[in-house]
Amino acid sequence: MKPSWPARALMAVVRGYRLMLSPWLGNACRFEPTCSRYSLAALEKHGALAGSYLTVHRILRCHPFCAGGHDPVPDNPPRLFSRLTSPVPCAPSSSPESFHD
């Protein structure tokens with residue numbers, strides 16, 4: 001499935017970062033895949049909202065006190081987003097006849 005236009009726009013921003021800023025900053029990511037590759041995969045797999053959430057969460061964990069290591073994009077979106085996107089059971093529909101006195 002093709003990512004939505006907001007996800008594609010965010011992916012373009014990440015690709016721009018990788019092209020313009022990343023060579024200047026060097027490779028300092030503690031994780032595999034790198035945070036930018038993780039971001040691209042999360043945005044492609046889970047869309048703009050959940051992918052952005054996963055990206056920000058990952059970047060916040062990338063600090064000197066974190067051991068890092070292998071950290072792939074999860075198969076399922078975070079619980080908050082799975083609740084928002086899961087189908088909600090519908091209440092029984094009421095017919096117009098049930099409103100008569």
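1. The side chains of S39 and T55 make a polar contact at 3.1 Å; a polar contact is a pair of N or O atoms within 3.5 Å, where within protein one must be able to donate a hydrogen and the other to accept it, and residues adjacent in sequence count only if both atoms are side-chain atoms. S39 lies in helix α3. Its relative accessibility is 4%, so S39 counts as buried (buried is under 20% relative accessible area, exposed over 50%, partly exposed in between, with a 1.4 Å probe and protein chains only). Apart from neighbours within four places in sequence, S39 is in contact with V14 and T55, contact being heavy atoms within 4.5 Å.

2. On the basis of the values: this is a predicted model, in which local features need pLDDT of at least 70 and side-chain atom pairs count only at pLDDT 80 or more, while totals for chains, interfaces and linings use all residues. Residues are numbered from 1 along each chain as its sequence is written, and side-chain values use heavy atoms, with hydrogens and water left out.

3. The chain has four helices and two strands, in the order α-α-β-α-β-α along the sequence. Helices (H or I, at least four residues) and strands (E, at least two) are DSSP runs numbered from the N terminus. Of the 101 residues in the chain, 26% are buried. Among contacts with a separation of 6 or more, 72% are between residues 24 or more positions apart. The chain exposes about 7,800 Å², with 64% of that supplied by carbon and sulfur atoms; areas come from the Shrake-Rupley method with a 1.4 Å probe, and for residues only the protein chains shown count as cover.

4. H46 also needs a comment. H46 is in helix α3 and is buried, because its relative accessible area is 16%. Its side chain reaches the backbone oxygen of P74 at 2.8 Å. Leaving out neighbours within four places in sequence, the contacts of H46 are G51, L54, V73, P74, D75, N76 and P77.

5. L10 belongs to helix α1. With a relative accessible area of 32%, L10 is partly exposed. Residues up to four places away in sequence aside, L10 touches L43, A48 and S52. The C-alpha atoms of L10 and E44 are 9.8 Å apart, although 34 residues separate the two along the chain.

6. The peptide bond from E32 to P33 is cis, with omega near 0°. Most peptide bonds are trans. P33 is placed in the loop between β1 (31-32) and α3.

7. The largest pocket holds about 390 Å³ of space. The elements giving two or more residues to its lining are α1 (5-20), α2 (22-25) and α3 (35-61). The largest contribution is from α3, with five residues. In total 16 residues line the pocket, and Y17, S22, C29, C35 and S36 lie nearest its centre. On a 1 Å grid over the protein atoms alone, a pocket is an open set of points where a 1.4 Å probe fits, with protein on both sides within 12 Å along at least five of seven lines; lining residues have an atom within 4 Å of a point. Grid points are joined across faces, edges and corners, and the volume is the space filled by probe spheres set on the points.

8. By type, the lining of the largest pocket has eight nonpolar residues, seven polar and one charged. Ala, Val, Leu, Ile, Met, Phe, Trp, Tyr, Cys and Pro count as nonpolar, Asp, Glu, Lys and Arg as charged, and the others, Gly among them, as polar.

9. S22, one of the residues nearest the pocket centre, is in helix α2. S22 counts as partly exposed, because its relative accessibility is 22%. The C-alpha atoms of S22 and S36 are separated by 9.1 Å, with the two residues 14 apart along the chain.
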